[in-house]
Amino acid sequence: MSRVALVTGGTRGIGAAISRALAAEGHRVAASYHGNEEAARRFREETGIPAYRFDVGDFEACREAVARIEAELGPVDILVNNAGITRDVTFHRMTPEQWRAVIRTNLDSLFNVTRQVIEGMRARGWGRIVNISSINGQKGQFGQTNYSAAKAGVLGFTKALALENAGKGITVNAVAPGYIATDMVMAVREDVRQRIVAQIPVGRLGTPEEVARCVVFLVSEEAGFITGATLTVNGGQYMT
Ligand code: CAA
């Protein structure tokens, strides 16, 4: 069945792979983006998927954008909260701005976007929400107190929201990727990245498509008995 899916941060990296995979399943996809206009333009041209520019850290902007998406595509039945940033630095050097930026984009966004669609999903008696966490929210990561805190918060949010909506036909799950070959991971200093890859038993970085397959599965009709779960996709780097 074709449904409307919103993927935040859906024009680059893991989000773009998720947008493409959901569109390939026959869903009508809306991808959001914030900063990179050029990447969004290329994504639109290549995929034909509409891309909407708004800040997931801004509640009012999310309200307006979701209203527009629903007016243009229809009610959002599938939400993938994927948008995320890093501001890696050891905690003793971290500024309030670096802390706030990551919590705002990676965690506040779950409230800001999900709040816009949850009432509709409850009223219609069907919904799929997938929140992209991270291996570093599960195990902690040197240089990422802000990011690890936000991504661990994503897991708590997922479980609480899953409980509240389990009786309404809505599943809420998390996917926790490990190190995936995206701009975000490639921005890590080469020597640091080499050391990280050496800790991955599968012996390589993951691909965005490998994460996207998990999302496609979790939003399917057949996954209706899976809720509050965390699916880890990390090449064996950390087993939960
Ligand atoms: N564990 C223990 N010690 C560590 C360490 C680790 N994981 N990483 C670094 N150190 C040590 C270093 O060996 C070094 O020690 P010495 O001074 O004795 O040599 C000291 O800590 C300082 O390390 P750096 O030289 O790396 O310090 P820096 O200030 O130049 O850089 C940093 C700090 C920016 C945090 C850098 O270490 C870094 O980029 N780390 C990787 C962070 C990371 O993995 N980010 C993931 C981004 S991708 C992502 O987030 C997606 C996802 O979900 C997986």
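A pocket here is an open set of points on a 1 Å grid over the protein atoms alone, where a 1.4 Å probe fits, with protein on both sides within 12 Å along at least five of seven lines; a lining residue has an atom within 4 Å of a point. The model is predicted: local features need pLDDT of at least 70 and side-chain atom pairs count only at pLDDT 80 or more, while totals for chains, interfaces and linings use all residues. Residues are numbered from 1 along each chain as its sequence is written, and side-chain values use heavy atoms, with hydrogens and water left out.

**Second largest pocket**

- The volume of the second largest pocket is about 230 Å³, taken as the space filled by probe spheres set on grid points that are joined across faces, edges and corners.
- Both α1 (13–24) and α2 (37–47) supply at least two lining residues each; helices are DSSP runs of H or I with at least four residues, strands are runs of E with at least two, and both are numbered from the N terminus.
- α2 gives the largest share of the lining, four residues.
- By type, the lining has five nonpolar, three polar and five charged residues, where Ala, Val, Leu, Ile, Met, Phe, Trp, Tyr, Cys and Pro count as nonpolar, Asp, Glu, Lys and Arg as charged, and the others, Gly among them, as polar.

**Helix α1**

- The 12 residues of α1 should span 16 Å at 1.5 Å a residue, and the 17 Å between its end C-alpha atoms agrees; the expected span is 1.5 Å times one less than the number of residues.
- I14, G15, A16, A17, I18, S19, A21 and L22 of α1 are buried, meaning under 20% relative accessible area with a 1.4 Å probe and protein chains only, whereas exposed means over 50% and partly exposed lies in between.
- G26 follows α1 and has a positive phi, near 100°.

**Nonpolar cores**

- The largest nonpolar core has 27 residues, of which I18, L22, V80, V130, I132, V175 and V215 touch the most other members; a nonpolar core is a set of buried Ala, Val, Leu, Ile, Met, Phe, Trp, Tyr and Cys residues joined through side-chain atoms within 4.5 Å.
- Two or more residues of this core come from each of β1 (4–7), α1, β2 (28–33), β4 (76–81), β5 (127–132) and α9 (208–218).
- Another core, of 22 residues, lies apart from it and includes F54, V113, M121 and A162.
- Beyond neighbours within four places in sequence, V130 is in contact (heavy atoms within 4.5 Å) with L79, V80, N81, N173, V175, V215, L218 and V219.

- C62 lies in α3 and is buried, at 0% relative accessible area.
- Not counting residues up to four places away in sequence, C62 touches F54, D55, V56, N112, V113 and Q116.
- N112 is found in α4 (residues 96–124) and is buried at 6%.
- Leaving aside neighbours within four places, N112 is in contact with V56, G57, D58, F59 and C62.

**An exposed loop residue**

- F142 is in the loop between α5 (135–139) and α6 (145–165) and counts as exposed, at 73% relative accessibility.
- F142 and V89 are 53 residues apart in sequence, with 8.4 Å between their C-alpha atoms.
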